[in-house]
Amino acid sequence: MNARAPRSFWLLASSLTSIASKLAPTGGIFEKESHVTDRLRAAALSLLLGLPALSADAQALGKCERLIVTGSPDAPPYLWRDPQDPAHLIGASADLLRQVAGELGLKVEVLYGGKRSQARDEVRSGRMDLLLDAPIALDEQDSLDYIHPALLYNDLKASAQPVDQPGLFLAVSHNSACNDPWLRGQLAKKMTELPASGLTEAALQRNLERWKAQSQPVSAPKP
């Protein structure tokens, strides 16, 4: 999967999947007695034929069913590149965001977007929606909306510090189609609830053990 693919690719795929599932029982978009609404027909035809003009309702269809997310690939146990699937990132930050997003009815794809600076550029441009581990910086506030409070606090012991010291705030791109007051408000609410939930400590501990297990050298087979 190409981490640099434009966000419109994901939106188109998501919209077509949703439309197909709605149309399947009716026998097709041209069936006269279909219960599918005229608006949905128009949206489906526009997407399938590549027509640029869509109604406001059609544009809203599947607008933000999925968040495309990235962050530093060198910050275990918060976030690191999955050795089994290098196109994706894993870690405590990824687990917590999936938990939060799932409660909001959103899917999350945590992709490798390059090193920290490259990942930040992917989010700034809007090719990805959200940075998982952003440090707060005044010069970034013209391109990113920071979600308060922090997703995580760096309270691990010194011996367990990540290779790349991450910022621990969610930051939504100004250029993301998903960036709206509802999403920012819901994420902030969930961040407020996380500390008392016990999920943060569990995610950190689970991913610390996961990272340690992956870091163990593989023993050579005995002759």
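Axes are lines fitted to C-alpha atoms, for helices over the stretch in contact, and the angles between their N-to-C directions run from 0 to 180 degrees. In this predicted model, helix α7 (residues 199-215) lies across β3 and β4 and runs at about 30° to β3. The two strands belong to an open sheet of 3 strands, whose order is β2-β3-β4 and whose pairing is antiparallel. Its edge strands, each pairing on one side only, are β2 (74-75) and β4 (89-90). Between β2 and strand β3 (residues 79-81) the antiparallel pairing extends over 2 bridges, and A75 stands opposite L79 in β3.

Helix α6 (residues 181-197) consists of 17 residues and reaches 24 Å from its first C-alpha to its last, close to the 24 Å expected at 1.5 Å a residue. The helix is followed by G198, a residue whose phi is positive, near 80°. Within α6, the buried residues are L183, L187, K190, M191 and L194, and these pack against several elements, including β1 (66-70), α4 (92-103), β8 (169-173) and α7.

In soluble globular proteins, nonpolar side chains tend to be buried together. The largest nonpolar core of the model has 43 residues, and those with the most contacts inside it are L132, L170 and L187. Helix α4 supplies the largest share of this core, 6 residues. Leaving aside residues up to four places away in sequence, L132 touches, among others, V69, L79, L97, V110, F169 and L170.

Side chains of opposite charge can pair when their charged atoms come close. With a salt bridge taken as a side-chain nitrogen of Lys or Arg within 4 Å of a carboxyl oxygen of Asp or Glu, the count comes to 11 salt bridges. In one of them, the side chains of E103 and K190 meet at 2.8 Å, N to O. Because E103 lies in helix α4 and K190 in helix α6, this pair ties together parts that are 87 residues apart in sequence. E103 counts as partly exposed because its relative accessibility is 45%, whereas K190, at 13%, counts as buried. Both residues belong to a network of salt bridges that also links K189 and E193.

A further salt bridge joins D133 to R116, with the closest N and O atoms 3.5 Å apart. D133 lies in strand β6 and R116 in helix α5 (residues 116-125), so the pair ties together parts that are 17 residues apart in sequence. D133, at 1% relative accessibility, counts as buried. The side chains of R124 and E140 also meet in a salt bridge, at 2.5 Å, N to O, and this pair links helix α5 with the loop between β6 and β7, 16 residues apart. Here R124 counts as partly exposed at 29% relative accessibility, while E140 is buried, with a relative accessible area of 7%.

Note on methods
Residues are numbered from 1 along each chain as its sequence is written. This is a predicted model: local features need pLDDT of at least 70, side-chain atom pairs count only at pLDDT 80 or more; totals for chains, interfaces and linings use all residues. Side-chain values use heavy atoms; hydrogens and water are left out. Two strands pair if DSSP finds at least two bridges between them. Helices (H or I, at least four residues) and strands (E, at least two) are DSSP runs, numbered from the N terminus. Contact means heavy atoms within 4.5 Å. The expected span of a helix is 1.5 Å times one less than its number of residues. Buried means under 20% relative accessible area, exposed over 50%, partly exposed in between (1.4 Å probe, protein chains only). A nonpolar core is a set of buried Ala, Val, Leu, Ile, Met, Phe, Trp, Tyr and Cys residues joined through side-chain atoms within 4.5 Å.
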